[in-house]
Amino acid sequence: MSGKALALLRGGPLVNAILAKIRELAPKAVEAVGQAPIKIMDFCGTHEYTITHYGLRSLMPPEVELVAGPGCPVCVTPAFYVDTAIKLSLEGVRVYTYGDAYKLPGSGRPGGGIRSLEEARAAGGDVVVVYSILDAIRRASREGKDSVFLAVGFETTAPATAAPVVRGMLPSNLTIINVHRLTPPIMRYTFERHRENPIRGVIAPGHVSTIVGAKAWRFVVEDYGIPTVVAGFEPVDVLLAVMEILRQLSRGEPMLVNEYSRVVTWEGNRTAQKMIAECCDVVDAAWRGIGFVPESGLAFRDKYRIHDALLQYGIREPGPDEWSYDLPPGCRCAEVTLGMARPTDCPLFMKVCTPGTPYGPCMVSSEGTCAVWARFGGGGLAEEIARGIGLK
Amino acid sequence: MTWFIRMWKRVTLAHGAGGRETKEVIERIIRALVPREYWTVKGGTGLDILDDSALIPIDNGYLAVTIDSYTVKPLFFPGGDLGVLAASGTINDLLMAGARPLAALDAVIVEEGFEFEKLLTITRSYTETLYKHGVSLIGGDFKVMPRGEIDGVVISSTGLGVVEGEPIRDDKIRPGDKIIVSGYLGDHGAAILASQQEIGVKFNVKSDVKPLTDLMLPLLKEYRGRIHGAGDPTRGGLSMLLNDWAQLTGTVIVVDESSIPVREQVREYAEMLGVDPLSLASEGVAVLAVDPSVADEILDYMHRLGYREASMVGEVYKPSNPSHAGRVLLRSITGGVRILEPPSGEIVPRIC
């Protein structure tokens, strides 16, 4: 997209017209729902980025509350898998991973207090940050060293892991720690946790939807009656989603709408879906600080288990009965992930837990709600300062 | 602090990235180890305001002194090399204190096995950049370290200059001042990132590295005393610089995103990597805090000096509440406000 077209999606007359409509619809929606404020949840770290980075909360009428949901795959990766990767790196196995997972804290137990792969590398562990699994495959083939790839991510990154496995591209010295997680199950889980003060609208994840298709969110409308809009990541996309949700609420007609049709189709990417299905079974899986969520993870099917790092190195995954709370003491990342607390509600936020020295996982990934708020001053402070100095 | 909260035990790359962590190292290690009365020479500035150059009072003015280590990967990048970078950085740090650059000294450490041809090129860049801007190289040091114990070449460069008249001390920035930037931001950082990361995207922005003598010397001649603060937004970019200023002066600085000059290509590339272009380094840009009564005049003069992209981007305010002091606000192009935080951590790619 050209710069000029992009600029129109970020500011100017179109944005102002949508904002006017939102202000007009908000009281009507409140009247129809019978409760204020209207809680609208975004389910993607990049939406939260757009909302905070462009200051969209400061443009919302008081009747509308934008809440961040579980949109960060790094944040929900259980400490066990980070610890496992750290241990392997210190034992001379090369660990490849994405930049975000590189800084993700584990339990802090391995190696006498090593908290992340970043620290493991500083302590002599063999850790390499890559942009894609293909880089790891290339380097592992070339260098012949025993290596593992720490594969984290939602449906967006799962096909990238699945494709080389299915196509037989992995060299024998490279295995995978598969921590991929699925988004629809955690969305169901989140709705249940918000039963007291329900979520009234869903801004469904754009990136994930390119893979799973808009159809994946039909259950939100059918089972929960919640207006749902698959949205893109420019300010206009998010504002249109809010407007559409308010419109549906005011009319009492929940629907599934695909606002991001320039990228997302109803069916999604069939090839990628097939690749995942061929490679992995859907299994109950642990989410950090939350516990096991039914049918929310991916595990290699038997014929591909030879690529499973845990199997290869004789490491047993804890099952549901052995799961224990795996967030550092005091950290409220799980509640933040589920949209039940705001980062500013956490006593550690920007005190001991900062993007440079993250204490909890939500501060690590650029997609984590805490990291987004830390970088761009989420939580209302910006508005307060602006009012204080008389900025309009 | 409770017992279970441990600080990081080892130095990480983030500590040297020029952001929040570097500041913590200065605060908790360096300033903590030097008694306050030794932070400056009497009547001058130093560790107290941590400006681009330290000032030592002399007859009719000040001696300005600065030092920086330069290490860049790759050593030769689009638009320059380590030598130009070191010389420009040294000269610019002097200019930003209101000094006329006079002399430099360099300490060069080279890795065993490094090619002489490359060393020659880098050294030529360094020395030529200095003398073409009227700066003498008056001494230095040369050492070699065993292969693998240092990556290529590291140059430490000291600059000396004189301030004839009032220096620019960033602690003099006050409410009402207008913020002006002299050109496109982030070109250097983006060019370096692009040459480090092979992400298969064509990117042809060059580093903006250059000494700013042709901008700053005329400006100082005409407007000395009206320029209350000056800085070059190197590591940490505009975000870091403005946050430093706001914290140093206890003010709130507000900038308007739509008036900040960033090349379209840099913006797109930074977005793709999940990096804020306002945190990317520039090596040939000046940021000024100027008296509002002459702000338009100064901007116009900068345009006439050939800095056509120079733009007024913001203003300094007095906070209404003391707890707001030191914050930088950005009005986004959408119209919302957010806080412009100082960058923190290493620049890492995002995963989804």
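How many residues does the contact take from chain B and from chain A? The contact takes 42 residues from chain B and 51 from chain A, where residues count as in contact if their C-beta atoms, placed from the backbone, lie within 7 Å.

This is a predicted model, in which local features need pLDDT of at least 70, side-chain atom pairs count only at pLDDT 80 or more, and totals for chains, interfaces and linings use all residues. Residues are numbered from 1 along each chain as its sequence is written, and chains are lettered from A and ligands numbered from 1 in the order in which they are written.

Stay with the side of chain B that touches chain A. Select helix H1 (20-33), strand E10 (252-256) and strand E14 (337-339) of chain B, the elements that give two or more residues to that side. Helices (H or I, at least four residues) and strands (E, at least two) are DSSP runs, numbered from the N terminus. E14(B) gives the largest share, three residues.

Next, select strand E1 (residues 38-42) of chain A. Four of its five residues are buried, so E1(A) is largely enclosed by the rest of the structure; buried means that 20 or more other C-beta atoms lie within 10 Å of a residue's own, with C-beta atoms placed from the backbone. Met41(A) stands opposite Val67(A) in E2(A).

Terms used
Two residues are in contact if their C-beta atoms, placed from the backbone, lie within 7 Å. A residue is buried if 20 or more other C-beta atoms lie within 10 Å of its own, exposed if 12 or fewer, and partly exposed in between; C-beta atoms are placed from the backbone. Two strands pair if DSSP finds at least two bridges between them.
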